[in-house]
Amino acid sequence: MTPLVSILVPCYNADRWVDAAIASALAQRGARCEVIVVDDGSTDQTRDRVERFRDRGVTVLQQKNRGASAARNVALAQARGDYIQYLDADDVLDPDKVARQLDRLQREPAGVVASAAWGRFVDDPATAVFTHEAVWADLTPADFLVSCALQELMFPPVAWLIPRAVCEAAGPWDEALSMNDDGEYMSRVLAASTGIVFCEDARVFYRTGNPLSYGSRTTRSAAESELRAWDRIVDTLRRLEDTPRVTTASATGYQRIAARYLIDHPDVAEAAETREQSLGGGQYRFQGGAVFRAAVRVLGWKAALRLRRAHGTLRGRRVAAQG
C-alpha cells in the first residue's frame, strides 16, 4: 500500500495565515496524506477558520492553550501516517514537496530523513527568497548539527519529512521549552536517524515577520528556554560524536546565546558564557557593520554590544523628539 503521510499543523491565533497553510497541505500531489490541525486555545478567529476544513477531511482538535510543542504532541498521538510532516500555521508547502521527498526516502535505507529547500517570505510565498546553505546536502546527523552551530544556521521543521519510526525513537516534543524547542526536538530526531538526504526539488515557504513567532522574543522565559534547549542539544551532539569540532560547535552555540541576552538578561548570558569557556571558547561570528566589527576587535564583544545598544537607544530618542 502507498505510504500515508501525516501533516501536523499546530496553530494559535493564526487566523491571518492558517487557511493558506492548510490549503497547501490539502494540495499535495502524488502522495497519500492526512491533515491534523490542533488549535492551541486561540482567542481570535482561528477556531472558526480551521473548523471549516472538516468537510474536506481535515481532523480538527481543540485544546486549552499549552504551547506549540504540546499541540504537536497531541497531533502526533493522533497521527496514523508512516511519515510525519510538521507544518506551522504560518508556513506553506509547495504542492510537490511531500511526494518528492517521499520518492527519495523510499529509495533509501530505513531511518533516513529528508530535508528540503526553504525560502523566506513575508506576505506572498511567490516572493520567497531561497538562499543556498552549506547544509543543503546529504549529510550525517553530526555534520548537519555542527555546521548549523558554527555557521548560525536555522532549519525550520516544515522542511523535513520524517519516518514515523524515527519520531518514535526520538521521543516527544519537550513541552517545557518555548524558544528553540524545534531545534532541540530535531537534534533528537537526527540523532535517531541513519542520515539525511537533501531533496533540492522539494520546496517550502517559511514566513518571516510574524510578531507571534517565538524566534523574535527576548523575554526572560525565552532566554532561559534557549539556554536549556542548547544544553540538551549539546548533550545529544556529544553522544553522537565526541570530537574537537563538536566541542567548538557546542561552545559557539553558548557564545551566541551569551551575546543575544547580554543586555536584557545578563545572568542568563553569564551562565552561557561560563559553559562556553569551560569548553575552550567558541567561534561565534558577531553580526554587524564594519564599525561594530572593529569595536568587537578593539573593545571586546561585550563592550561593543553595550555601545551598539546605547547608540540605538539614543538614536531612537532623537527620532522620537523630531517627530
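Buried means under 20% relative accessible area, exposed over 50%, and partly exposed in between, with a 1.4 Å probe and protein chains only as cover. This is a predicted model, in which local features need pLDDT of at least 70, side-chain atom pairs count only at pLDDT 80 or more, and totals for chains, interfaces and linings use all residues. Residues are numbered from 1 along each chain as its sequence is written, and side-chain values use heavy atoms, without hydrogens and water.

Select α5 (141-151) to begin. Helices (H or I, at least four residues) and strands (E, at least two) are DSSP runs, numbered from the N terminus. Of the 11 residues in α5, 8 are buried, and the helix is mostly covered. Colour P141, A142, F144, L145, V146, S147, C148 and A149, the buried ones. They pack against α7, β9 (195-207), α8 (220-240) and α9 (244-261), where contact means heavy atoms within 4.5 Å.

Phi of E152 is near 50 degrees, a positive value in a residue other than glycine. E152 is partly exposed, at 38% relative accessible area.

Move to N180, in the loop between α6 (164-170) and α7 (181-192). Here phi is also positive, near 60 degrees, and the residue is not glycine. N180 has a relative accessible area of 21% and is partly exposed.
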